[in-house]
Amino acid sequence: VFAGTLNGTGALRARVNRPASESVVARIVALVEEASATKAKTQLFIEKIEQRYSVGMVVATLGLFFIPLALGTTLQAALLRAITFMIVASPCAVVLATMPPLLSAIANAGRHGVLVKSAVVMEQLGQSDIVAFDKTGTLTEGTPRVAEIRLLPESGLDEDGLLALAAAAERRSEHPLAAAIVRAAHERSLNLAHVQDFDSTPGRGVIARIGAVIVRVGSPALLDDMSPAVDGSRLHAQASAVVAATEAAGRTATVVLVDGYPAGVLALADQVRAEARDATADLTRLTGHTPVLLTGDNAGAAARLAEEVGISDVRAGLLPADKVAEVHALQEAGRKVLLVGDGVNDAPALAAADLGMAMGRHGSDLALETSDAVIVRDELSTLPKVIDLSRRARGGVVANLIIDRK
């Protein structure tokens with residue numbers, strides 16, 4: 001029963017099977033909250049110096065008043081000198097010297113299709129020294145297609161039958177691969193059966209009851225969840241061989257289990273964004289480090305895409321918590337991490353990174369909420385531009401402070 005569901009006519013009976021705190025979404029939200037809580041508090045450059053500067057000015061003003069007064073200067077002269085100094089050294093000018101360049105940079109970034117949520121974020125973008133990318137929907141178009149349907153010998157299904165079951169189970173999922181499977185079924189004009197008991201586990205896949213059978217669709221890790229009644233050694237080996245062949249071809253393997261038995265593998269392919277390679281090269285030049293690929297996809301597909309876009313550091317087969325761990329590992333190595341992602345799986349890592357940036361068109365609600373900035377039109381070419389813009393804005397702040405003090 002989805003939040004906001006309205007019961008029209010008739011009676012609705014709902015059974016709660018476990019506490020809300022144990023649901024998958026609750027665990028994802030908990031990861032996001034934990035990562036957000038551990039993210040270091042940051043302030044604008046001016047906020048870092050404003051308090052010390054103000055205290056220093058007050059101390060200096062008091063000194064200019066009391067010291068000459070103690071040395072015999074008249075009260076009027078000492079007071080006039082102290083007031084004059086306080087007016088000239090007022091921190092108001094410092095504030096005015098810093099905010100306009102950052103606000104102007106935010107407006108400029110907006111015109112280029114990047115929504116930056118605060119001046120703090122705009123200042124920090126230029127300090128990022130490594131960029132980590134998600135794969136599906138970020139470096140790729142996010143509109144994968146079913147390139148091949150591979151049946152297992154004892155499935156008892158044809159291609160249309162397997163695809164119809166997989167699409168029916170995936171119909172309620174928001175994952176790009178699920179959308180591709182449903183779209184493939186519609187292209188074949190297949191009728192999708194009514195689904196009951198649907199559930200989704202980020203990083204693994206979905207499970208649903210369709211009529212009298214239980215269908216699971218997701219990553220090859222589902223093969224470890226095969227029914228105990230299944231001849232594990234033989235059928236597991238057959239399914240694993242099909243998965244390996246699919247991944248060797250650089251495609252994403254999606255496994256379909258029917259009542260715990262492996263029925264087939266859907267091979268999915270996605271289109272790399274045209275600007276991805278140029279954006280990667282520009283980011284390498286700007287940050288001094290080649291971007292990192294963090295993906296839940298298989299190592300074969302991830303490596304092939306990384307080669308196409310010019311990325312050498314590939315970390316594949318990651319669950320949401322694994323992505324958080326990889327971000328922390330980069331931070332422990334002294335890197336300021338800018339993570340770019342789009343899905344629910346990326347939200348915890350977006351919160352854990354020094355800065356998170358979400359893709360606007362295909363980004364999930366949780367990713368958009370968690371991120372510090374949004375690439376509105378999903379154009380990766382705007383990413384190096386906004387980092388360069390941040391650095392120029394910071395340079396303007398420093399120049400204004402120097403000129404103002406002079």
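Modeller: Two strands pair if DSSP finds at least two bridges between them. In this predicted model, strand 3 and strand 8 (residues 261-269) pair in the antiparallel sense over six bridges. Within strand 8, Ala269 stands opposite Arg145.

Biologist: In what order do the strands of the open sheet lie?

Modeller: In general, strands of a sheet pair through backbone hydrogen bonds, either parallel or antiparallel. Here the open sheet has six strands in the order 3-8-7-6-5-4, and the pairing is antiparallel. Strand 3 (145-151) and strand 4 (196-201) are the edge strands, each pairing on one side only. On average, neighbouring strands of this sheet are turned by 20° against each other, direction ignored.

Biologist: Is Thr254 buried or exposed?

Modeller: Thr254 is found in strand 7 (residues 252-258). Thr254 counts as buried because its relative accessibility is 4%, and buried means under 20%. Leaving aside neighbours within four places in sequence, Thr254 is in contact with residues including Leu177, Ile181, Val217 and Leu266.

Biologist: Which residues have the most contacts inside the largest nonpolar core?

Modeller: In soluble globular proteins, nonpolar side chains tend to be buried together. The largest nonpolar core in this model has 38 residues, and those with the most contacts inside it are Val116, Phe133, Leu139, Met357, Leu383 and Val386. Helix 15 (residues 382-405) contributes the largest share of this core, six residues. Apart from this core lies another, of 28 residues, among them Ala180, Ala184, Ala208 and Ala263.

Biologist: What does Leu139 touch, leaving aside its neighbours within four places in sequence?

Modeller: Leu139 is in contact with residues including Phe133, Val272, Leu293 and Leu380.

Note on methods
Residues numbered from 1 in each chain as written. Predicted model: local features only at pLDDT ≥ 70, side-chain atom pairs only at ≥ 80, totals over all residues. Heavy atoms only, no water. Helix = DSSP H or I, 4+ residues; strand = E, 2+ residues; numbered from the N terminus. Axes fitted to C-alpha atoms, helices over the stretch in contact; angles between N-to-C directions. Buried < 20%, exposed > 50% of the residue type's maximum accessible area, 1.4 Å probe, protein only. Contact = heavy atoms within 4.5 Å. Core = buried A, V, L, I, M, F, W, Y, C linked by side-chain atoms within 4.5 Å.
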